[in-house]
Amino acid sequence: MDGIVQDLTVGTKRGADELFPTCVTNGPFIMNDNNSSAANGNDIKKFKGDRSAGVPSRVIHVRKLPSDVTEAEVISLGLPFGKVTNLLMLKGKNQAFIEMNTEEAANTMVNYYTTVTPVLRSQPIYIQFSNHKELKTDNTPNQARAQAALQAVNLAPPGSLALPGAAAAVDAGMAMAGQSPVLRIIVENLFYPVALDVLHQIFSKFGTVLKIITFTKNHQFQALLQYADPVSAQHAKLSLDGQNIYNACCTLRIDFSKLTSLNVKYNNDKSRDYTRPDLPSGDSQPPLDQTMAAAFGTGFPPAFAIPQAAGTVFRLTVPSVHGALAPLAIPAAAAAAAGRIAIPGLTGAGNCVLLVSSLNPERVTPQCLFILFGVYGDVQRVKILFKKKENALIQMTDGNQAQLAMSHLNGQKLHGKPIRITLSKHQTVQLPREGQETHGLTKDYGNSPLHRFKKPGSKNFQNIFPPSATLHLSNIPPSVTEEDLKMLFSSNSGVVKGFKFFQKDRKMALIQMGSVEEAIQSLIDLHNHDLGENHHLRVSFSKSTI
């Protein structure tokens, strides 16, 4: 196909620093051939490249396909927009032609992929109108496979892809084509925490999210997410694979799971079944916050709304009738306004104020809560309630940090009692009026030098782990010995079970305490401890054991 211009694209490649690109305004290009109105496997070589204005057609030209792409994957590009009536695969040229049932469906598809470059098998592909009005295919083995895949996928009537009544037919067709409604998500470059609710807000734009399970595997944060139908899963994968949740980090790597359904036993910060708000929270988890449970109701949380530059709001949906999809226009200014987060409107998963209960009123202080919760985010304010000293309010920098602290610390023992953590109804922790007696129970830590996460992209974001009996020590001066550190940690009513300096860097070490509770207390008491020589000890939880 010597005449085809290889690098004409409708859309632009998405930037690495935003989850969605800004809209492009250039029109699509087409392949021009004035002598033919139909394309088939024999005369396809006649196509000539032409930069003429894009004229809508039912036939769409797909280029730069991966060599191992399947017919079903190519067909799935058109499924969210209408019925795919024909397919011509040119595997030797890494190209294909898709014929939609109406010109309107094809126009919607091209308009959408103008703003969101589709990705198949981690490779960007390019879509534009063909000036041919229909496809004619022959009976070669290659085309026979395409027709078989087409027949399997197109079980739903035209225009019904987004209607609940057609869900079973679409599911069956996609399943026959090898697609699952369950996505496997890996978050790479995890500089900032990613809460379950953040994933729900992002992925809800592409369909109804039924269930999510998060976990850590091979030292990577991963999730399994189940949609109501495989079409939504395909739509989300095409749009989000390779994109960043936060600026320059937290990159999504998305693939289809071999599972076709998820079994969620608990509704907590690590797993959620949005169809079953009645599920228990699990032994070590708090019950669902009442406001959160009310939001779930008997249905699903509301769709995530993206504010546009003009201040209007749209919701991204697959329309039940063929019409233009809302453009994913997200100006950089809006992203900047959202702080570190690359998605405008997503300012963190919920409230940033935590209510901590079941504290030991005889021993708890604002400073000990500041140090402990500071492992998972920058604590701004702490208020121990004067009349109920077993309760405290802790204000984190944002909702993500609050979620992270809640998920890791809820149920952990502090001063001999398992603490309980929920999201507070308060948006901020109020400071006392000037001259008002605080009894030392309210502290403002907004300007504390001990914040671990002030610097964006800090390595501290890569070293956030659940409480464990093993602690990571750093900033150790050369004169301090293993015995010195063992004695220091033992003098805290703890038992030191193991110690090891890092081989390549003696400024760091691991120390193993007798229990997680002992390690928590040691971290509170000894983080920022003055070791002399202008060195203050840094203590955090470790994922390693000795």
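Colleague: Which residues does T470 touch, leaving out anything up to four places away in sequence?

Modeller: T470 touches L510, I511 and Q512, and also F541, S542, S544, T545 and I546, with residues up to four places away in sequence not counted. Keep in mind that this is a predicted model.

Colleague: Where is T470 found, and is T470 buried or exposed?

Modeller: T470 is in strand β26, which covers residues 470-474. Its relative accessible area is 3%, so T470 is buried.

Colleague: Zooming out, how many helices and strands does the protein have?

Modeller: There are 12 helices and 31 strands in the protein. The protein has 546 residues, and 53% of them count as buried.

Colleague: What about the accessible surface of the protein?

Modeller: It comes to about 23900 Å², and carbon and sulfur atoms hold 51% of that.

Colleague: And what share of the contacts comes from residues 24 or more positions apart?

Modeller: Taking contacts with a separation of 6 or more, residues 24 or more positions apart account for 71% of them.

Colleague: Now helices. At what angle do α9 and α12 pack?

Modeller: Helix α9, residues 366-373, and helix α12, residues 516-526, pack at about 110°, and their axes are 9 Å apart.

Colleague: Parallel or perpendicular, then?

Modeller: Angles of 65 to 115 degrees count as roughly perpendicular, and α9 and α12 are therefore roughly perpendicular to each other.

Colleague: Which residues meet there?

Modeller: From α9 they are C368, I371 and L372, and from α12 they are I520, L523 and I524. By class, this contact of α9 with α12 has 6 nonpolar residues, no polar ones and no charged ones.

Colleague: Next, α10. How many of its residues are buried?

Modeller: Helix α10 runs over residues 399-409 and is mostly covered, with 11 of its 11 residues buried.

Colleague: Which residue caps the N-terminal end of α10?

Modeller: D398 does, with a side-chain oxygen 2.9 Å from the backbone nitrogen of Q401. As for what comes after the helix, α10 is followed by G411, which has a positive phi near 90°.

Colleague: How is α6 covered?

Modeller: Helix α6, residues 230-240, is mostly covered, and 11 of its 11 residues are buried. The buried residues include P230, H235, K237 and L240. G242 follows α6, and its phi is positive, near 90°.

Colleague: Which residues other than glycine have a positive phi?

Modeller: N528 is one of them, with phi near 75°. N534 is another, with a positive phi of about 60°. For context, most residues other than glycine have a negative phi.

Colleague: Where do N528 and N534 lie?

Modeller: N528 is in the loop between α12 and β29 (530-532). N534 is in the loop between β29 and β30 (535-536).

Colleague: Buried or exposed?

Modeller: N528 has a relative accessibility of 25% and so counts as partly exposed. N534, with a relative accessible area of 71%, is exposed.

Colleague: Switching to S491. Where is its place?

Modeller: S491 is in the loop between α11 (482-490) and β27 (496-501). Its relative accessibility is 57%, so S491 counts as exposed.

Colleague: What does the side chain of S491 reach?

Modeller: The backbone oxygen of L488, at 2.7 Å. Separately, S491 and S522 are 31 residues apart along the chain, and their C-alpha atoms are separated by 9.8 Å.

Colleague: Last one, P124. How far apart are P124 and L238?

Modeller: The two are 114 residues apart in sequence, and C-alpha to C-alpha they are 9.4 Å apart in space. L238 is one of the buried residues of α6.

Colleague: Where is P124 found, and what does P124 touch?

Modeller: P124 is in strand β8, residues 123-124. Not counting residues up to four places away in sequence, P124 touches K64, T117, P118 and V119. With a relative accessible area of 31%, P124 is partly exposed.

Notes:
Residues are numbered from 1 along each chain as its sequence is written. This is a predicted model: local features need pLDDT of at least 70, side-chain atom pairs count only at pLDDT 80 or more; totals for chains, interfaces and linings use all residues. Side-chain values use heavy atoms; hydrogens and water are left out. Axes are lines fitted to C-alpha atoms, for helices over the stretch in contact, and angles run from 0 to 180 degrees between N-to-C directions. Helices (H or I, at least four residues) and strands (E, at least two) are DSSP runs, numbered from the N terminus. Angles under 35 degrees count as roughly parallel, over 145 as roughly antiparallel, 65 to 115 as roughly perpendicular and the rest as oblique. Contact means heavy atoms within 4.5 Å. Ala, Val, Leu, Ile, Met, Phe, Trp, Tyr, Cys and Pro count as nonpolar, Asp, Glu, Lys and Arg as charged, and the others, Gly among them, as polar. Buried means under 20% relative accessible area, exposed over 50%, partly exposed in between (1.4 Å probe, protein chains only). A polar contact is a pair of N or O atoms within 3.5 Å; within protein, one must be able to donate a hydrogen and the other to accept it, and residues adjacent in sequence count only if both atoms are side-chain atoms. Accessible areas come from the Shrake-Rupley method with a 1.4 Å probe; for residues, only the protein chains shown count as cover.
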